[in-house]
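Let's take a walk through this model, starting with its sheet and then moving on to a pair of helices.

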Amino acid sequence: MSTRESAKPPRWKQLSDELAAEIAEGRYQPGEKLPKIDELVTAGRGSRTTVQRAYTDLTERGLTIGIQRFGTVVSPILGKIHRDAVNRYRQTRREEGESRGAFDTEIRRLGMTPTSRPEISRGRPPARVAEILGVDGDEPESVVIRARVMLADDIVVQLASSYFPGDIAFGSQLEEKNTGPGGSKSRLAELGHAQAEITETIDVRSPTAEEARALAIPAERQVYEITHVARDAAGRAVEVAVHVVSTTLWTLSYTWAVDPPGDTPQQ
């Protein structure tokens, strides 16, 4: 076997690339079902194992989604949603156009319609969130909880739960389903707690059974869990948000200045 032949990618990868090109050319439109595995086998494009691996690869690349009992369809979101974690929280970005926050802006830029299914309540946060916010973890109603299922058109693309200290959020618009232009961050600023510093911690893990059902992903698919902690100018934590998204639909980016002028190393 020649070096060229040994370097040739496996057939499943070739088929995945061929189908990706056909999607890019418009042969298969967003939301359209791809051929059944047996149809591609009959057409001589590979064995069942080859086609199955090619379809799995397309899903991992964010080009297709699997719908139980229906098959594999071209993703309505071709490519990934770009989450620019630095710029998304700037006021001009959050309030761009008709947006009601950073997520709205990201989805509208894809030409899709963002929607959210919020459930607002007063309650007890998880222990780690209570510690960050400095609230009593045993108090039954210490925070406002905004639990949201977030969609792009009809596709669930994000699960998010935000926690706000009760002494700030109780009786405010943060307890309303519609938080208005700019979302919760603009409302916090109006309450005298503008977010001045944000820390995000990212974990990659398997979804819970409930998360997998909500996101319509296989249980073996990985998700990003993004824990967002926002502090005001006084250093107080005023929001903790936990975002869960599929790794195949989102790409995360962070940009910052290295050694900005006047920066003094901390001891």
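## The sheet

Six strands form an open sheet in the order E4-E5-E6-E9-E8-E7, with antiparallel pairing. Strands here are DSSP runs (E, at least two residues), as helices are (H or I, at least four), numbered from the N terminus; two strands pair if DSSP finds at least two bridges between them. At the edges sit E4 (114-123) and E7 (195-205), each with a single partner strand, so one side of each has no neighbour in the sheet. On average, neighbouring strands are turned by 15° against each other, ignoring direction.

This is a predicted model: local features need pLDDT of at least 70, side-chain atom pairs count only at pLDDT 80 or more, and totals for chains, interfaces and linings use all residues. Residues are numbered from 1 along each chain as its sequence is written, and side-chain values use heavy atoms, leaving out hydrogens and water.

E4 and E5 (residues 143-152) pair in the antiparallel sense over ten bridges. Arg122 stands opposite Val144 in E5.

## Two helices crossing

Elsewhere, the axes of H2 (residues 11-25) and H4 (residues 48-60) come within 8 Å and cross at roughly 55°. Axes are lines fitted to C-alpha atoms, for helices over the stretch in contact, with angles running from 0 to 180 degrees between N-to-C directions.

Who meets whom? In H2, the residues meeting H4 include Trp12, Leu15 and Leu19, and on the H4 side they include Val51, Tyr55 and Leu58 (contact means heavy atoms within 4.5 Å).
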